[in-house]
Amino acid sequence: MKRLYSASGDDADPSAPSKYVTLVSGDGFEFVVLREAAKISPIIKGMLDPRSQFAEAKDARCVFQEMSGLVLDKVVEYFHYWYRYKDSEDVPDMDIPVELCLELLAAADYLGLDQANMSTK
Amino acid sequence: MLGSSLFKYPVQVRVNRGYYIKIQMSDEPSLPPLPAVSWDQQSQNFSYISRKRGRNNHQAGNSSPLLFNSSDPAVFSSDDDPGLDNYVEGRPKKRYVGTWFQQRPATDDAPNTLLQQTKRTLTRDYDSGVFLGSDGTTDTDCGDHLNCLKLPARPRPHPIRMSQAEMAARQKIEDCLDKGHESVDLWSMGLEELSDGTIERLGQIVNIPYVTKDVAFVPREPELKVFLSLNRLSRLPGSIFDLTHLVVLSLRGNQLKELPPAICKLRNLKQLNLSHNLFSHLPAELLDLLQLGGKLSDLTLYANPFIQPQGCTESLEPEVDGNAETFSCPGPEVTHRYERPMEESEVPRYLTRWLGRSPVQFCDSMGQVLSDFHTALDSEISVLPVEVSSNKIGLAATYSPQAWTSLRGQETKPSAVPSLLEMALRSCYRSSQLPDLEFYIPEAPDHLQELLRRASLQKHMGGLICSNCRKTLIVPPMQWIEWRELRTSRFMSNAREEFAIIYTSPYTNDASEIAVPFLYRACSWNCGPKDLDKDKGWNMPEGGKTFRTIHPGYF
C-alpha cells in the first residue's frame, strides 16, 4: 500500500505514470491518447487511478470490448477536441456521422461524457 | 364455282386433330370420338388411364421449360404415309400425339433419368397465391416462417389515427389550396391535435394572380393567414413554422403551454395572437420579430398565466433615465420629438426594456437539474425569484450566485465544449429516422430512449436553439427567464418632413402584467446570461426630446 501511495505522488516523480494511455477497441484497434484528455471521462479516470489496483492503471491500457474501432476512433477524436478547445471561446463543431450516432450515444453514456462532468474537469 | 361442284361428291376433308373423315355435305359432319389417351409430361408417354392432365410437380424440379405447355398436345397423323394413295376407309392409321420433335425413334429406348416420374404426394404449396378465408392452415404455416425473421426490437406504438376534426380541417385546407384562398379559417373546429402533414400542405399555396386587361402581371408572394382560434390545441405542429409566407397567425383560445422557439423563423409575420392560452413564458426568440426591421406589428399577449417576478410592487415611482423621463409603471403616453427627418422604419413597432432575470437553471446532458434553482416551467408556478434586476422597477433581487459558483467550483473554468452525449444526440437529431431510433437500442438503459424521445418531440415542435449563438441544441444545459416590459410606438411625421414625432404608450395598463417573461436557453457556459452588457433602456433613436404628453392629440 505504501508503495502505491508514493507512486501516485506528484508528476516530478520518475516513477510517475506516462503522459499517454492506450485505449483498445473490441476489434483490436489501439489508440494512444493523452492521459489528461482521456481523463475527462470519469470511467477512464477511475480505471487509470494509480491508487486503484486495476490492471488498467498499471499498464495504462484500457480495453473496451463492446466498442468497435470506428466508435472508439470518434471517442478519441472527441477527447482531443475537448482538450484542444476546452479553454477557448470559439468552439467549432465536431462532425459526427449520422450512422454512428446511436453507437456514440451509448458509448458517451457508458463513459459518462456528460455536461456536468464537462464543467468540472 | 369449282368448289361448289366438288362438294357434290363425297370428299375427304381434313378436320381438326388431323383426322380424315369422309363427309357428305348434306349430312352433319360426324366427328370421331377423341381418343382416350392423355399426354404425360413426366414420362413423355401416353397414358390411357385418364384424360386429366398430370399435375405438375414443381418440387421435383426436373422438367425442362420445353415440356411445360398447358394445352393439349397436338394430335396428328402421318400425312406423308405412302399408303395414303390407296386409302381405304377403316384402315388403321398411325397416330401420334404431341409435337413431332417429341416423337422418339423406337430405337432410342435409353432411359432418361431426368424424366423419371416421381411419386405424387399431396402437399400444399405455400406460395400458391390461392387461399381460402376459412383455411386456418395459412396462419400457422406463415407464422413459422416469420418467427425467425423477427428483429429484436421493442414494440412500437400504433400510429395515431386522425381525428374527425382534423379530417375536416384537412378538407378545408385542400379547399383553400384549390381556390387559392390565402386566409385559412380553422376557427372553433374542436381541434385537439394537428399533425405536420395537415399543415405542410399550406406551404404549397400558390397565389392566383388577378389578371385583367391593361394591368401588368405582377407575381406576388402569397400572404398566408392561418386562424386556429378557439380550438383545444395543446401542441403546435412544427411544420407551421416552415410556412415562410405566413403573415397572420392566430392561436387565441387554445391550451398551449409553450410557444416553440422556432417562431423566429416566421420573418414575415405581421400579426400574432397568443391570448387566452396557458403560456407561462415566451421564447426569447420572439424578441427577434420585435426588433427593428421586424414586421410584427400586432402582438396580442394577454390573458396568459405568465410567470411574474417575485416582489413586483404595484406602486412604482417614475424615474428619470438620463435626460429622458420614463415611467416604470404603466404610465401615460410619452412623446418623443425629433427635429430631423425620419423614416418610419427607424422605429420598431414594439419597444422593450429589460427588467430583471431569474437565477439560472443548470442541467446535465440527461436533462437532470443540478442547480438549486429550478425553473419548473411545467408546474403551476406563478412567481420566480429575481437574481439580477435593473433596479428601476421594484423587483426584490435575491443576489444568490451560489448556484453559479457551486457548479463551477473554485478553480475550474467552464468550458464551451458540448458534451459528447449532447453531440451524439444532435447527430441523431439530424437523422430522418429520429422517431424510430429509440427502438434500435433495445438493451440500452431507459434514459437513452427517454432522451431520443425528447429529441423527437422537440424536432416535431420545430426544434430548440441556443438563444445566444443560434445553434441547434437538444438538452439545454442552462436556461433562465428574463422579464421585459413592452411599449408600443406610433410614428408621425409632418408633411414637409422637418420633424418627426414618436408616441409610445404602455403595452398594458394593468400593473400586474408589465413584466413579460422570456425564456432563454444556452448551449454552453459561454452563452450564459450577460447582465452587464444588457442595454437597460428603451433603445429609442438618438437625438429626441422626450416629454410626457398631456393629451395624445398634441399635434
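**Close-up views of a two-chain predicted model**

View 1. R470(B) counts as partly exposed, because 14 other C-beta atoms lie within 10 Å. This predicted model places R470(B) in the loop between β21 and β22 (472-473) of chain B. Its phi is positive, near 65 degrees, although the residue is not a glycine. For background, most residues other than glycine have a negative phi, and most peptide bonds are trans.

View 2. Look for S188(B) in the loop between β7 (183-185) and α4 (196-200) of chain B. It has 13 C-beta neighbours inside 10 Å and therefore counts as partly exposed. The other spot is the peptide bond between Y302(B) and A303(B), which is cis, with omega about 5 degrees. A303(B) belongs to the loop between β12 (298-300) and β13 (308-309) of chain B.

**View 3. Helix α9 of chain B and its buried face.** This helix covers residues 446-460, and its end C-alpha atoms are 21 Å apart, in agreement with the 21 Å that its 15 residues should span at 1.5 Å a residue. Buried here are L448(B), L451(B), L452(B), A455(B) and Q458(B). Seen down the axis of α9(B), these buried residues fall within an arc of 120 degrees, so they line one face of the helix. After α9(B) comes G462(B), with a positive phi near 110 degrees.

**View 4. Helix α7 of chain B, largely enclosed.** Of the 11 residues of α7(B), 10 are buried, so this helix is largely enclosed by the rest of the structure. Among those buried residues are L420(B), M423(B), R426(B) and Y429(B).

**View 5. A helix from chain A packs against a helix from chain B.** How far apart are the axes of α6(A) and α7(B), and at what angle do the helices pack? The axes are 8 Å apart and the angle is about 160 degrees. Angles over 145 degrees count as roughly antiparallel, and that makes α6(A) roughly antiparallel to α7(B). The crossing of α6(A) past α7(B) is left-handed. On the α6(A) side, the contact is made by C101(A), L102(A), L104(A), L105(A), A108(A) and D109(A). From α7(B) come L420(B), L421(B), A424(B), L425(B), S427(B) and C428(B).

**View 6. L48(A), a buried residue in chain A.** Here we turn to helix α3 (residues 42-48) of chain A, where L48(A) is found. Is L48(A) buried or exposed? It has 22 C-beta neighbours inside 10 Å and so counts as buried. Apart from neighbours within four places in sequence, its contacts are V21(A), R35(A), K39(A), E56(A), A57(A) and A60(A).

**View 7. Stepping back to the two chains.** Chain A has 7 helices and 3 strands, and 31% of its 121 residues count as buried. Chain B has 9 helices and 26 strands, with 27% of its 555 residues counted as buried.

How values were computed
Residues numbered from 1 in each chain as written. Chains lettered and ligands numbered in written order. Predicted model: local features only at pLDDT ≥ 70, side-chain atom pairs only at ≥ 80, totals over all residues. Helix = DSSP H or I, 4+ residues; strand = E, 2+ residues; numbered from the N terminus. Expected span 1.5 Å × (residues − 1). Buried ≥ 20, exposed ≤ 12 C-beta atoms within 10 Å, placed from the backbone. Arc of directions from axis to C-beta. Axes fitted to C-alpha atoms, helices over the stretch in contact; angles between N-to-C directions. Parallel < 35°, antiparallel > 145°, perpendicular 65-115°, else oblique. Left-handed = near helix turned anticlockwise from the far one by under 90°. Contact = placed C-beta atoms within 7 Å.
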